[in-house]
Amino acid sequence: MSAATIFFAVLFYAATAILVAGLAFKIADYARTPAPLKIPTTPAPTSTGGVVLRMLREVALFESLFKSNLWIWAFGILFHGALLLVLLRHLRYFTEPVWFWVGWVQPFGLYAGFAMVAGLLGLWGRRFVVERIRYISTPSDHLMLALLAGIGASGLGMKFLMHTDIVAVKAFFLGLMRFDVQPLPADIGLYVHLTLVALLMIIFPFSKLLHAPGVFFSPSRNQADDPREKRHLAPWAAELEKN
Amino acid sequence: MAAAEFTTPELKDHLDIPSLQRDAMAESKPYVASDKINTAIGFPGELVPDWEAKAIGRLGELLNKYRSLKVYLDACVHCGACTDKCHYFLGTGDPKNMPVARQDLLRGVYRRHFTLAGKLFPKLVGATDLTREVLDDWYKYYHQCSECRRCSVFCPYGIDTAEITMAGREILDSIGYGQKYSNEIIGKVHKIGNNLGLPGPALADTLQGVEEDVKEDTGIDVRYPMDVKGAEVLLVTPSADFFAEPHIDSLIGYGKVFHAAGISWTLSSKASEAGNFGMFIGNYEQLRKIALRIREAALELGVKRIVVGECGHAWRVAYSFWNTLTGIGAGANDPFAVQLQSQLDHRYKQPAHICEVTWDLIQRGALKFDKSANDQRIVTFHDSCNVARASRMGDMPGGQFEIPRNIIRAVANNYFEMAPGTTHEATFCCGGGGGVLTDELLELRVKGSMPRMGALKQVVDQHGVNFMATICAICKAQFTKVLPYYKFNRGMVGGVHQLVSTAIQLGDK
């Protein structure tokens, strides 16, 4: 067993633990914090079913962003849609036998790799070209895009430039899932790709990537517009009525 | 600080996104509240010595009380979708008036003190210490936001800068760095019963004067009653309706509607104010305390219905918050709320907007109009931000847009819409809402009204519009002040019930 294999095994166990525990902590924190007032951005759905639909449109189609700015919407949906396909394509490294629909996704996932990088470069370009967005961009905003673009580029690199032994890679990850560490191919492209992915997993719960769980907890989007019909009272606000 | 000289923006055919003018509005700030004003409503009199620690402490408390604040401070990805949506940015070009940049003034301090990344790598993630400079930026730029929520419509996560502004102001108040305008008004509402400090006897006089004027005008005895026990309706309206122009013309209209429909109603000297500046300063206790006056008045007078006059943020508070704060609403099963809810007549919406009442009566054929009485007016409608994006009327989402327009079409023949993207949920704030309607912020108010003024100019040029109807006391006061800066007649703004008042037929049934 090479030192690199052990390093990546430890790295991915740690990254997974941080990602899962960190996200669980944040989600529990959001869920625990009360929303004392009804503040849906209106017009808003008046029922829970309507709220579910609103949230679906927001998460799947980026409805508000579409109304807001077509360039950001186009690059954003290109990146996120492609990322989804790429992630689904990667399921083949974690399942044996590979689920049949993951097989169907494979060719789409491949092109999606390019689309993902293109979307990222579009979003990144706006951070330089548009004065307003340049003003609000922090170093971490640039680094986040660099990280994601690096993941995409190193992944595409392994497919088209420097092949790696993907059968062995799959054996490594299936091994990790069964706590039976298998050797990882010694390829620099693979090392780069996996390091960046692990880094992304580690910073996820500490960064703006929290927009992913956050959107579901946004009171302006997830509340039904029914304040006259139902009394909405947070526990700390109810305490005030006891005085 | 006297209001500095400034240039009124030029109105163009379409709305340009300005290039950044750094610190363009760095001198704009409202007067700081005095010791006396602050202590009267329970805030420290002046900036406390250990303000930094106190402010961070208060931010921590708010983070645990408000999910909105916690999620919104985490979720922003700096995508930039909101950067061209704020009327104050569009009118001033000051980058700190871009919603995301306004939020970042607080977010930077949040990151520094409440996130691991900000504690370890502050420069990397834009985290900042709470220096005096940052604190002053909070004071300046959280008073250059009218809490209108336009940005929240366009944010992919619904991040509402109003929530951030409210938290910022709440923190400032908690360390004795509050704003004179809002805090003085809150003191008045507690001491005298309304924002304008109009005592009961003066109010009674005013209402008597209104009755005489209406009698002279129409020959009919329309009543404007106060403190009548057992009346069916308690009308709660902004106190500007009692004497300001053009507000009072809408008050006259409400009275005529009740008269024509034969509904007994009353105002209350105790709750002679619908406005609730507790919302503007983001202080839940004040918000609640001010709202409780309405509950007490309703219980004392034994009314069956509670109706709210033309006021934007007051309608937000009434529609969205009253059930929570006071039990005015339906569907509760706790004793506090049931005490009041069992008194109310639930065949009607509680509370109801005056426009809901009037439109309901129109649909039932209970009101008669001579639409030609409004023929000298060519009307457009300005959606007030808090009505448009933070409340509703009627049974369907969007009723807050349709019902006032339906009323206008029922009482006037000439009506034109302003451009899409400037109305309905995308409406531009008048520039004076959210606690900035004070003279030392005139430059901000004039520049912030530019997007609305541009849209108005289009319908003035194309259709000869000479009357912009609205249902908000602040919009009316703000437009009356800023219209002349854009070479419009200050008299062209008025209320929806002013139009109703002109056209309604009384007595000859």
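Colleague: Let's start with Gln458(B): which residues does it touch, not counting residues up to four places away in sequence?

Modeller: This is a predicted model, in which local features need pLDDT of at least 70, side-chain atom pairs count only at pLDDT 80 or more, and totals for chains, interfaces and linings use all residues. Residues are numbered from 1 along each chain as its sequence is written, while chains are lettered from A and ligands numbered from 1 in the order in which they are written. Two residues are in contact if their C-beta atoms, placed from the backbone, lie within 7 Å. Leaving out residues up to four places away in sequence, Gln458(B) touches Met418(B) and Ala419(B).

Colleague: And does Gln458(B) count as buried, partly exposed or exposed?

Modeller: Gln458(B) lies in helix H21 (residues 450–463) of chain B; helices (H or I, at least four residues) and strands (E, at least two) are DSSP runs, numbered from the N terminus. A residue is buried if 20 or more other C-beta atoms lie within 10 Å of its own, exposed if 12 or fewer, and partly exposed in between, with C-beta atoms placed from the backbone. Gln458(B) has 18 C-beta neighbours inside 10 Å, so it counts as partly exposed.

Colleague: How far apart in space are Gln458(B) and His14(B), C-alpha to C-alpha?

Modeller: In sequence, Gln458(B) and His14(B) are 444 residues apart. In space, their C-alpha to C-alpha distance is 9.2 Å.

Colleague: Staying in chain B, how many of the residues of H22(B) are buried?

Modeller: Helix H22 covers residues 473–482 of chain B and is largely enclosed by the rest of the structure. Its buried residues include Ile474(B), Phe479(B) and Val482(B), and also Lys476(B) and Lys481(B). Their cover includes helices H12 (247–261), H15 (312–326) and H20 (442–448), with strands S6 (467–470) and S7 (493–495), of chain B. The buried count for H22(B) is 9 of the 10 residues.

Colleague: Are H19(B) and H23(B) roughly parallel or roughly antiparallel to each other?

Modeller: Axes are lines fitted to C-alpha atoms, for helices over the stretch in contact, and angles run from 0 to 180 degrees between N-to-C directions. Angles under 35 degrees count as roughly parallel, over 145 as roughly antiparallel, 65 to 115 as roughly perpendicular and the rest as oblique. The axes of H19 (residues 399–411) and H23 (residues 496–503) of chain B come within 9 Å and cross at roughly 25°. H19(B) and H23(B) are therefore roughly parallel.

Colleague: By class, what makes up the contact of H19(B) with H23(B)?

Modeller: Pro404(B), Ile407(B), Ile408(B) and Val411(B) of H19(B) meet Val496(B), Leu499(B), Val500(B) and Ala503(B) of H23(B). Ala, Val, Leu, Ile, Met, Phe, Trp, Tyr, Cys and Pro count as nonpolar, Asp, Glu, Lys and Arg as charged, and the others, Gly among them, as polar. That gives no polar residues, no charged residues and 8 nonpolar.

Colleague: Which helix gives the largest share of the side of domain 1 of chain B that touches domain 2 of chain B?

Modeller: Domain bounds come from an automatic or database domain assignment, and they divide chain B into domain 1 (35–178) and domain 2 (189–416 + 465–503). The C-alpha centres of these two domains lie 32 Å apart. In the contact, 11 residues of domain 1 of chain B meet 8 residues of domain 2 of chain B. The largest share of the domain 1 side, 5 residues, comes from H9(B).

Colleague: Over to chain A: how many helices does it have?

Modeller: Buried residues make up 34% of its 243 residues, and its C-alpha atoms fill a box of roughly 65 × 45 × 40 Å along the principal axes. Chain A has 0 strands, and its helices come to 12.

Colleague: In what handedness does H7(A) pass H9(A)?

Modeller: The axes of H7(A) and H9 (residues 188–203) of chain A come within 9 Å and cross at roughly 150°. That makes H7(A) roughly antiparallel to H9(A). A crossing is left-handed if the near helix is turned anticlockwise from the far one by less than a right angle, and right-handed if clockwise. H7(A) passes H9(A) in a crossing that is left-handed.

Colleague: Finally, which element gives the largest share of the side of chain A that touches chain B?

Modeller: The contact takes 58 residues from chain A and 64 residues from chain B. The elements giving two or more residues to the chain A side include H4 (70–90), H6 (131–136) and H7 (139–160) of chain A. The largest share, 5 residues, comes from H6(A).
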